[in-house]
Amino acid sequence: MPKPVPRLLACLLVCFATKLAAPQAAVPAHPDFIAPRFAVELPSHPAPIPPSLPVSPHWGGLQSLERAAGIIFSGRVTSVGRAAPSTSAAAVTITFQVEHALRGCTLGQSLNIREWAGLWAKGERYRTGERVLLFLYPPSRLGLTSPVGGDLGRFEIEPDGILLKPIHIDALADDPILRTMLSQHTAVPYAVFERAVRQAIRAE
């Protein structure tokens, strides 16, 4: 004859069978349980741009330009040439005679910068004798730099003053010093423009 099932085991079997037969009630989820998701939920607001990335100067005019710049100056292009072939990146070297030093250089300095050759091929070019005012990014670990925001950080200097392209007029529309002149002039006197830049630097 089979041995009698222990009373405790018999009680457990009866309870288990009863639970299976009864209708299932909703069981509260465990605090650590994560329900599977079958659709991606997008945030209601986009994530902010990391502070290490340059912010478009369109949003802040001269202040955004100067904050991103490591070198700010105006001067004349004295020479343009290829960087030595031994360098780790193809580059073009441009030499300027600094006429007004605002950051990262000195008055009268012969300033050499190295720009990635790919920008030169895309149209970012300089010619000997040209006068410009530049907001340049701090040189990279390879020693390369370029104007902040591309065309936004490069201003041509003509006899009438600083030449403003449509992209500049749009970006500087809210500048407290320049905004009254933008609708009437495409060139701003150099002294006025420099004063606006220095004010932006002081306001930082």
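Which residue forms a salt bridge with glutamate 66?

1. The partner is arginine 103, and the closest N and O atoms of the two residues are 2.7 Å apart; a salt bridge here is a side-chain nitrogen of Lys or Arg within 4 Å of a carboxyl oxygen of Asp or Glu. Because glutamate 66 lies in helix α2 and arginine 103 in strand β2, the pair ties together parts that are 37 residues apart in sequence. Helices (H or I, at least four residues) and strands (E, at least two) are DSSP runs, numbered from the N terminus.

2. On the basis of the note, this is a predicted model, in which local features need pLDDT of at least 70 and side-chain atom pairs count only at pLDDT 80 or more, while totals for chains, interfaces and linings use all residues. Residues are numbered from 1 along each chain as its sequence is written, and side-chain values use heavy atoms, with hydrogens and water left out.

3. Glutamate 66 is buried, with a relative accessible area of 0%, whereas arginine 103 is partly exposed at 21%; buried means under 20% relative accessible area, exposed over 50%, and partly exposed in between (1.4 Å probe, protein chains only). Helix α2, residues 61-68, also has Gly61, Leu62, Ser64 and Leu65 among its buried residues. The buried residues of α2 pack against several elements, including β1 (71-82), β2 (91-103) and α6 (190-202).

4. Helix α6 has 13 residues and reaches 18 Å from its first C-alpha to its last, close to the 18 Å expected at 1.5 Å a residue, where the expected span is 1.5 Å times one less than the number of residues. Within α6, arginine 198 forms a salt bridge with glutamate 194, their closest N and O atoms being 2.9 Å apart, and the two residues, four apart in the helix, are separated by about one helical turn. Arginine 198 counts as partly exposed at 34% relative accessibility, while glutamate 194 counts as buried at 13%.

5. A search of the whole structure finds seven salt bridges. One of them joins the side chains of arginine 154 and glutamate 130 (2.9 Å, N to O); arginine 154 lies in strand β5 and glutamate 130 in the loop between α3 and β4, so this pair ties together parts that are 24 residues apart in sequence. Arginine 154 counts as buried at 11% relative accessibility, and glutamate 130 is buried with a relative accessible area of 5%.

Terms used:
Contact means heavy atoms within 4.5 Å.
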